[in-house]
Amino acid sequence: MQVQVVDYTAKDAPERFVESLRNTGFGVLINHPIKQEMVESIYNNWQAFFNSEQKHDLTFDPEKQDGYFGPEVSETAKGHTKKDIKEYYHVYPWGRIPAELKDEILNYYNMASDLAAELLDWVQAHSPADVAAKYSENLSNMIKDTPNTLLRVLHYPPLTGDEEPGAIRAAAHEDINLLTVLPAANEPGLQVQQQDGSWLDVPSDFGNLIINIGDMLQEASGGYFPSTTHRVINPSGKGSDKSRISLPLFLHPRSEVVLSEKYTSESYLLERLRELGVK
């Protein structure tokens, strides 16, 4: 099953997008409202930040989880033993953000969050009645005024050849949240796992907007919308000497939102963070 590339402006966009999510866990949008020039500017400005020593002045707060995470504390994906080859910065509107980068990145955060709310409305509208009945409130309402939605600015550094054997840029994993919104990165490498265990390249042309299902939507929908395993593989040849910047927005409900009989948003998140070793 192929990941569908859907024209955001098309009349049947909501239906086709949700169909792709249901079948593959991913959907790809073109002609969407997020301007490529803005994304490119963010990539360039944050690349400069990651190249600077300033990042060490903003080391993450273990309680709040905002700020800079260096390679030495990078995540180890659930079920894996080797850390991912990456560093990243957690952006929350209430958190610490480098002053010279703040206006641009928060503008992006707000635009992407607004678009994400619309996409959640699409999912709601095209959920079968018995699935929609499981939602404790409208999906887009779950993220209304939430302080928990996370924008992660990821930097995958050029490969040096000294990497730990078996380590890759992002080991196979599922996301924790409802949906993840991701502009295509400046370098390829994103793959999604199919039901037969094989890997499929996600269409990552610059300008595409890639959306995938997280565990919380899978939980809230009683498994109807599958949280799909994905990874970022290491480049080979010429691509290995290039950095890769990535901008995933992880949509997290308000802490008190009920996902299922078993979990609230907060209890689910804390369980997963402990599994990842970052809490």
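Trainee: How many nonpolar, polar and charged residues are in the lining of the largest cavity?

Mentor: Some conventions come first. This is a predicted model, in which local features need pLDDT of at least 70 and side-chain atom pairs count only at pLDDT 80 or more, while totals for chains, interfaces and linings use all residues. Residues are numbered from 1 along each chain as its sequence is written, and side-chain values use heavy atoms, with hydrogens and water left out. A cavity is a set of points on a 1 Å grid over the protein atoms alone where a 1.4 Å probe fits but cannot get out, and lining residues have an atom within 4 Å of a point. Here the lining has four nonpolar, four polar and one charged residues (Ala, Val, Leu, Ile, Met, Phe, Trp, Tyr, Cys and Pro count as nonpolar, Asp, Glu, Lys and Arg as charged, the others, Gly among them, as polar). The residues are H32, I34, K35, Q36, V39, P183, F206, G207 and N208.

Trainee: What volume does the largest cavity have?

Mentor: About 50 Å³, where volume is the space filled by probe spheres set on the points, joined across faces, edges and corners. The search of the whole structure finds one cavity of 30 Å³ or more.

Trainee: How many aromatic pairs does the structure hold?

Mentor: A pair of aromatic rings is described by the distance of the centres and the angle of the planes. Rings of Phe, Tyr and Trp (its six-membered ring) pair if their centres lie within 6.5 Å; planes under 30 degrees apart count as stacked, over 60 as edge-to-face and the rest as tilted. The structure holds 13 such pairs. With centres 6.4 Å apart and planes at 50 degrees, F50 and Y68 form a tilted pair. F50 belongs to helix α2 (residues 36-50) and Y68 to strand β3 (residues 67-69), so the pair ties together parts 18 residues apart in sequence (helices, H or I, at least four residues, and strands, E, at least two, are DSSP runs numbered from the N terminus).

Trainee: Are F50 and Y68 buried or exposed?

Mentor: Both are buried (under 20% relative accessible area; exposed is over 50%, partly exposed in between, with a 1.4 Å probe and protein chains only). Ring pairs also link F50 and Y68 with W46, F49 and Y89 into a cluster.

Trainee: Where is D215 found?

Mentor: D215 is found in helix α6 (residues 215-220), and at 6% relative accessibility it counts as buried.

Note on methods:
On a 1 Å grid over the protein atoms alone, a cavity is a set of points where a 1.4 Å probe fits but cannot get out, and a pocket is an open set with protein on both sides within 12 Å along at least five of seven lines; lining residues have an atom within 4 Å of a point.
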